[in-house]
Amino acid sequence: DWSSDVWLFRSLPPPRWPVRRARPADMPAARGVLAEAFGLPVEPLDTAFPDTVADGIDVHLAEADGAAAAVVMAIRSGDLVSLWSGGTRPALRSAGLFTDLLAQVLRTEFALGARSFAGITEAVASGRALQRLGARRVTDGHVWLRGASVGELLSS
């Protein structure tokens with residue numbers, strides 16, 4: 001029922017931490033969050049997430065104590081928005097930063113015309129954050145990288 005979806009987006013909580021779209025100058029900090037969140041070296045992320053991203057892709061940051069603390073990428077195609085590359089600095093997990101960030105991104109994208117969203121919920125924290133915001137699972141899918149799913153990579 002579309003009216004219940006409209007209600008969902010209007011009822012999302014306001015963020016408790018500053019949330020904003022990243023500018024090119026913010027991308028080193030965004031890459032740093034992802035590197036720390038997933039225990040990766042930052043160098044490969046420099047290539048995967050350049051300072052200037054393609055049209056239709058927005059990188060969103062939540063800040064704690066004036067520094068980037070959580071990040072998620074929203075990729076638009078028509079009225080579909082796919083959420084990717086989300087993470088929170090380990091020291092700040094369980095503080096609600098990522099949930100707040102997702103709420104703001106969902107609200108922003110809905111206002112820009114999004115009517116459906118795809119999220120990689122195989123990563124447990126992302127799935128829980130979306131559920132806290134009232135998301136409902138429509139179907140399951142798997143993303144495979146180097147022979148392993150995202151969930152398998154994150155749990156190893």
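Of the 15 residues of helix α4, 11 are buried, so this helix is largely enclosed by the rest of the structure. Buried here means under 20% relative accessible area, exposed means over 50%, and partly exposed lies in between (1.4 Å probe, protein chains only). Helices (H or I, at least four residues) and strands (E, at least two) are DSSP runs, numbered from the N terminus. The model is a predicted one, in which local features need pLDDT of at least 70 and side-chain atom pairs count only at pLDDT 80 or more, while totals for chains, interfaces and linings use all residues. Residues are numbered from 1 along each chain as its sequence is written, and side-chain values use heavy atoms, with hydrogens and water left out.

The length of α4 agrees with expectation: at 1.5 Å a residue, its 15 residues should span 21 Å, and its end C-alpha atoms are 21 Å apart. The expected span is 1.5 Å times one less than the number of residues. Just after α4, Gly113 takes a positive phi of about 110°.

The pLDDT, the predictor's confidence in each residue from 0 to 100, has a mean of 78 for the protein. A value of 70 or more is reached by 73% of residues. Helix α2 (residues 27–38) has the highest confidence, at a mean of 93. Helix α1 (residues 2–10) has the lowest, at 48. Over residues 1–7, pLDDT stays under 50. For this stretch the model has four contacts (heavy atoms within 4.5 Å) beyond four places in sequence.

Charged pairs were examined next. Side chains of opposite charge can pair when their charged atoms come close. A salt bridge is a side-chain nitrogen of Lys or Arg within 4 Å of a carboxyl oxygen of Asp or Glu. By this rule the model holds 10 salt bridges. One of them joins Arg20 to Glu63, with the closest N and O atoms 2.9 Å apart. Arg20 lies in strand β1 (residues 19–21) and Glu63 in strand β2 (residues 57–64), so the pair ties together parts that are 43 residues apart in sequence. Arg20 is partly exposed, at a relative accessible area of 25%. Glu63 is buried, at 15%.

Strands β1 and β2 also supply Arg21 and Asp58. The side chains of Arg21 and Asp58 meet in a salt bridge, 3.0 Å from N to O. This pair links parts of the chain 37 residues apart. Asp58 is buried, at 7% relative accessibility.

A further salt bridge, 2.5 Å from N to O, pairs Glu36 with Arg89. Glu36 lies in helix α2 and Arg89 in the loop between β4 (80–88) and α4 (97–111), so parts 53 residues apart in sequence are tied together. Glu36 is partly exposed, with a relative accessible area of 39%. Salt bridges that share partners also join Arg20, Arg23, Asp26 and Glu63 into one network.

The structure holds one cavity of 30 Å³ or more. About 40 Å³ of space lies in the largest cavity. On a 1 Å grid over the protein atoms alone, a cavity is a set of points where a 1.4 Å probe fits but cannot get out, and lining residues have an atom within 4 Å of a point. Helix α2 gives the largest share of the lining, four residues. The lining residues include Phe49, Val59 and Ser85.

Conventions. On a 1 Å grid over the protein atoms alone, a cavity is a set of points where a 1.4 Å probe fits but cannot get out, and a pocket is an open set with protein on both sides within 12 Å along at least five of seven lines; lining residues have an atom within 4 Å of a point. Grid points are joined across faces, edges and corners, and a volume is the space filled by probe spheres set on the points.
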